[in-house]
Amino acid sequence: MENKNLWETYDAKQLKELEKISGEYRKFLDNGKTERECIDTIVNILEKEGYTELEKAVKEGVELSAGDKVYSVWMNKSIAIYQLGEKPLAEGMNILGAHIDSPRIDVKQNPLYEDADFAYLDTHYYGGVKKYQWVTLPLALHGVIVKKDGTTVEINVGEEDDDPVFFISDLLIHLAAEQLEKKASKVIEGEALDLIVGNKPLLFGKKKAEEEKDEKKEKAKEAVKAGVLDILKHTYGVEEEDFISAELEIVPAGKAREAGFDRSMILAYGQDDRVCAFTSLKAMLDTKKTDRTVCCILVDKEEVGSVGATGMQSKFFENSLAELMALCGEYSELNVRRCLARSCMLSSDVSAGFDPSFATYFEKKNSAFLGRGMVFNKFTGARGKSGSNDANAEYMAHIRGIFDKKGVQFQTAELGKVDVGGGGTIAYILALYGMNVIDSGVAVLNMHAPWEATSKADIYEAYRGYKAFIEGACLS
């Protein structure tokens with residue numbers, strides 16, 4: 001089986017809609033380079049679309065019914081969004097689930113130091129990265145610093161044209177003979193990924209009081225570090241000890257861009273998995289009243305195993321569902337279990353796009369190609385499908401029928417050759433409830449690199465596919 005190139009199938013109206021969605025997607029990426037920024041962006045959209053915060057509805061004792069739309073944010077990093085259908089929740093939901101965290105570099109809790117007249121932030125990379133890809137790039141700093149009094153200071157430096165950027169240095173080629181003999185995993189060590197944030201010493205004014213002389217002498221030992229701290233204090237009102245309660249993420253600086261002479265692709269940071277988060281969200285927003293309740297879950301921590309309070313392994317989704325059912329007059333422990341078991345889900349995550357430059361790592365018949373539709377991975381995992389959710393044939397057939405009816409083009413794929421590698425998603429976690437789950441998403445080149453590439457056509461087709469699924473899926 002070979003799928004058509006989608007660009008050959010679209011009419012003028014569809015191409016216009018495709019470009020509109022592509023533009024919205026680029027803005028979404030630019031506004032949400034961290035989990036917190038994604039949640040802020042999503043909540044702003046939901047409020048404009050008439051969604052109500054679930055916790056507010058619980059507090060006010062609101063009775064919910066078909067057509068009502070609510071959302072629940074957890075720790076500013078994950079969100080569950082619901083649109084109630086005509087049928088009881090106990091009969092199941094149609095769920096789209098994606099993650100909004102991406103590989104990056106995090107700032108440590110005691111990070112700021114000086115060495116050879118450079119000020120650095122000490123770091124720890126997050127998720128699966130090729131460390132050598134992150135050096136010599138213009139980088140931005142995003143996140144929050146929370147002071148002891150509870151005040152939250154938002155940090156976003158490096159994105160505007162007049163902002164400074166930051167960088168991680170690399171050894172010059174003239175001295176790199178030994179470095180170039182190392183394995184790629186060792187060319188740049190994790191502890192060498194420290195961010196250069198300054199080089200100018202703090203200049204002490206002559207008008208300083210006499211009693212400050214001793215303090216000046218002490219500061220002069222690390223005058224560049226002192227200069228950075230002075231900027232942080234005057235710009236943000238934070239002290240060095242405030243780094244202890246900070247979450248600062250280092251990401252590539254710059255906006256999402258159209259790629260290729262034909263502008264057929266998007267090149268941007270964080271498309272794994274914000275491309276699926278955006279298309280899932282948009283599909284839900286554009287869906288009118290349905291028989292079954294529709295749900296969109298966008299979560300944190302997938303890149304490190306879906307652990308922690310904001311990862312898919314936490315109970316936040318299950319808890320929000322219980323609260324929702326209570327407001328609908330349906331709550332019981334048994335009904336919650338019935339709802340989860342009878343639900344249908346697309347675990348929406350990216351897949352590896354076939355790359356002709358590295359063709360030997362792919363099995364071409366079972367690879368995803370850019371521009372040929374959204375991708376289904378019946379199973380993921382590694383080697384002997386280890387750690388995989390393997391969807392059953394009946395469920396795959398059901399989805400085929402939905403997509404054929406709506407004219408949605410899709411392709412099936414594996415993540416590279418057997419025994420070459422592997423990967424996982426949040427699918428296996430939701431499958432623990434007994435629900436039907438399959439992995440689906442968009443093919444990506446340069447996955448987990450600072451700049452990833454996707455096809456506009458696949459983004460559009462994923463939106464169409466997710467919308468068809470939440471409007472038509474039902475196996476109970």
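**Ground rules**

I count residues from 1 along each chain as its sequence is written, and I use heavy atoms for side-chain values, with hydrogens and water left out. Because the model is predicted, local features need pLDDT of at least 70 and side-chain atom pairs count only at pLDDT 80 or more, while totals for chains, interfaces and linings use all residues. I take helices (H or I, at least four residues) and strands (E, at least two) as DSSP runs, numbered from the N terminus.

**Entry: the nine-stranded sheet**

I traced an open sheet of nine strands, in the order β1-β2-β3-β13-β4-β14-β20-β16-β18. Its pairing is mixed; two strands pair if DSSP finds at least two bridges between them. Which strands stand at the edges? They are β1 (52–53) and β18 (410–412). Each has a single partner strand, so one side of each is left without a neighbour in the sheet.

I then looked at β2 (residues 69–74) and β3 (residues 78–83). They pair in the antiparallel sense over six bridges. V70 has Y82 in β3 as its bridge partner.

**Entry: helices across that sheet**

I found helix α10 (residues 393–406) lying across β14 (344–348), β16 (374–377), β18 and β20 (436–441). It runs at about 55 degrees to β20. Angles here run from 0 to 180 degrees between N-to-C directions, with axes fitted to C-alpha atoms, for helices over the stretch in contact.

Helix α12 (residues 456–472) lies across β4 (93–99), β13 (293–299), β14, β16 and β20. Its angle to β4 is about 150 degrees.

**Entry: α7 against α12**

I checked helix α7 (residues 271–285) next. Its axis and that of α12 come within 8 Å and cross at roughly 45 degrees. That makes α7 oblique to α12. Angles under 35 degrees count as roughly parallel, over 145 as roughly antiparallel, 65 to 115 as roughly perpendicular and the rest as oblique.

Which residues meet? From α7 I listed V275, C276, T279, S280, K282, A283 and M284. From α12 they meet I459, A462, Y463, Y466, K467 and I470. Contact means heavy atoms within 4.5 Å.

**Entry: the six-stranded sheet**

I followed a second open sheet, with six strands in the order β8-β7-β10-β5-β6-β9 and antiparallel pairing. β8 and β9 (195–198) stand at its edges, each with a single partner strand, so one side of each is left without a neighbour in the sheet. Neighbouring strands of this sheet are turned by 30 degrees against each other on average, direction ignored.

α6 packs on this sheet, touching β5 (104–115), β6 (118–126), β8 and β9. Its direction makes about 125 degrees with that of β5.

V144 has E154 in β8 as its bridge partner, and H142 has N156. Their hairpin has five residues between the strands, and G150 there takes a positive phi near 95 degrees.

In a regular strand the side chains alternate between the two faces of the sheet. In β8 (residues 152–157) V153, I155 and V157 make the covered face, and T152, E154 and N156 the uncovered one.

Helix α2 (residues 35–48) has 14 residues and reaches 20 Å between its end C-alpha atoms, close to the expected 20 Å. The expected span is 1.5 Å times one less than the number of residues. Among its buried residues (under 20% relative accessible area, 1.4 Å probe, protein chains only; exposed is over 50%, partly exposed in between) I noted C38, I39, I42 and L46. G50 follows, with a positive phi near 90 degrees.

Helix α6 (residues 223–236) has 14 residues too, and its end C-alpha atoms are 19 Å apart, which agrees with the 20 Å it should span. Its buried residues include V224, V228 and L232. G237 follows α6, its phi positive and near 70 degrees.
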